[in-house]
Amino acid sequence: MTFQPRPFVLFFTALLSIVALQSTLNAVEAPVSDFSVDKKDKTHWFDIKNLGMEGKGWTETESFFDRLPKKAKGVVRPPVWSLSKHSAGMAVRFVTNATSIKAKWELTSPSIAMNHMAATGVSGLDLYVKTESGKWRWLAVGKPSQQKNSVSLTSGLVPGKREYILYLPLYNGVKSVEIGIPESNQLWKAPAREPGKDKPLIFWGTSITQGGCASRTGMVHTAILGRRLDRPVINLGFSGNGRMEPEVAKLIAELDASVFIMDCLPNVTANVVKKETEPLVKTLRAAHPETPILLVEDRTYSNAFLKPSSQDRHRTSRLELRNAYERLKKEGVKNLYYLEGNTLLGDDSEDTVDGSHPTDLGFFRQADAFEKVLKPILEKHSK
């Protein structure tokens with residue numbers, strides 16, 4: 001017989017969650033007092049740089065919203081450096097009692113969309129709210145129309161003090177981002193994450209990791225996993241340029257992660273996988289003897305079932321990754337994990353825009369596959 005919790009038990013558990021969440025929100029620091037005032041519409045504007053960014057691995061960057069440190073310039077290949085100017089994965093959490101929220105942001109590039117990816121994913125903002133049960137739910141999207149944008153994200157909300165997270169553009173950079181609320185309301189920095197949940201999930205990968213082709217910036221699998229697993233995320237996906245280079249591996253080894261997730265196979269062939277996988281893992285392991293490392297196979301092209309060349313690409317690169325994984329395990333490398341590629345997307349060919357890059361459905365399925373592996377890893381290593 002399967003045990004079914006009684007209704008009053010479920011109600012009591014939910015009530016405890018609500019009380020705990022409200023207690024956390026009530027314990028946040030004094031309201032942020034550093035803001036600019038728009039007297040015309042009585043809006044207070046808050047620069048997110050002052051609110052505590054997530055998804056930013058280094059503080060010494062050439063521009064504030066860069067994903068790699070300034071010292072990487074001239075060390076990593078030029079395409080990697082250029083793509084590191086995109087704000088993929090960066091987000092800001094905040095608390096406010098406002099019933100309406102605005103945003104304004106300036107992009108680094110006037111190209112706000114791609115021919116296979118919507119402007120809302122390339123250059124937009126994405127707002128989520130934490131509900132009373134502690135779950136994140138989507139609330140509003142910031143639709144870009146030009147290089148400088150100012151929009152009302154949402155209005156007419158039920159009054160209440162809540163935590164929000166705002167995701168930045170995936171395939172564009174930003175010069176500035178501000179959050180606007182009515183002058184009659186207040187905004188606070190978000191409470192610190194629980195001890196043990198403050199170290200980020202660090203993803204190194206390709207255009208898929210960067211977010212191509214999510215319709216919204218919060219719909220890439222890295223962001224979905226951050227919400228599900230209650231962890232900050234650092235997204236080091238570089239479109240077409242996740243190539244397992246030692247220069248990038250050394251930089252990533254400088255960061256302190258809860259899990260290092262290595263997902264570069266869509267951009268490399270079998271010979272590169274064979275050459276670079278073991279040095280990559282050993283670079284990370286030398287700096288972090290105990291931190292879990294997850295090696296990820298490439299997703300299966302949606303049309304590979306009719307293309308022998310694609311089948312061969314998957315077979316050979318996965319074979320070399322698996323061989324490297326087995327050799328490393330035999331050498332005694334601890335806390336090394338593996339995720340097979342045939343689980344990342346569905347078998348119905350309905351979850352990509354072009355056979356390669358996921359739609360929102362594809363990213364949701366990919367998040368499911370990652371979660372099945374990452375959740376037990378985090379549970380094991382948080383004890």
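These legends accompany several close-up views of a predicted model.

Residue numbers start from 1 along each chain as its sequence is written, and side-chain values use heavy atoms, with hydrogens and water left out. In this predicted model, local features need pLDDT of at least 70 and side-chain atom pairs count only at pLDDT 80 or more, while totals for chains, interfaces and linings use all residues.

View 1. Helix α5 spans residues 221–229, and eight of its nine residues are buried (under 20% relative accessible area, with a 1.4 Å probe and protein chains only). Helices (H or I, at least four residues) and strands (E, at least two) are DSSP runs, numbered from the N terminus. Among the buried residues, look for His221, Ile224, Arg227 and Leu229.

**View 2. An open sheet of five strands.** The strand order is β13-β12-β14-β15-β16, with parallel pairing; two strands pair if DSSP finds at least two bridges between them. At the edges sit β13 (233–237) and β16 (336–339), each pairing on one side only. On average, neighbouring strands are turned by 15° against each other, direction ignored.

**View 3. Strands β15 and β16 together.** Four bridges join β15 (residues 293–296) to β16 in the parallel sense. Here you can find Leu294 opposite Tyr337 of β16.

**View 4. Two helices on the sheet.** Helix α7 (residues 270–287) touches β12 (201–205), β14 (259–263), β15 and β16, and its direction makes about 160° with that of β15. Contact means heavy atoms within 4.5 Å; axes are lines fitted to C-alpha atoms, for helices over the stretch in contact, and angles run from 0 to 180 degrees between N-to-C directions. Helix α8 (residues 308–330) also packs on the sheet, touching β15 and β16, and makes about 160° with the direction of β16.

Terms used:
Buried < 20%, exposed > 50% of the residue type's maximum accessible area, 1.4 Å probe, protein only.
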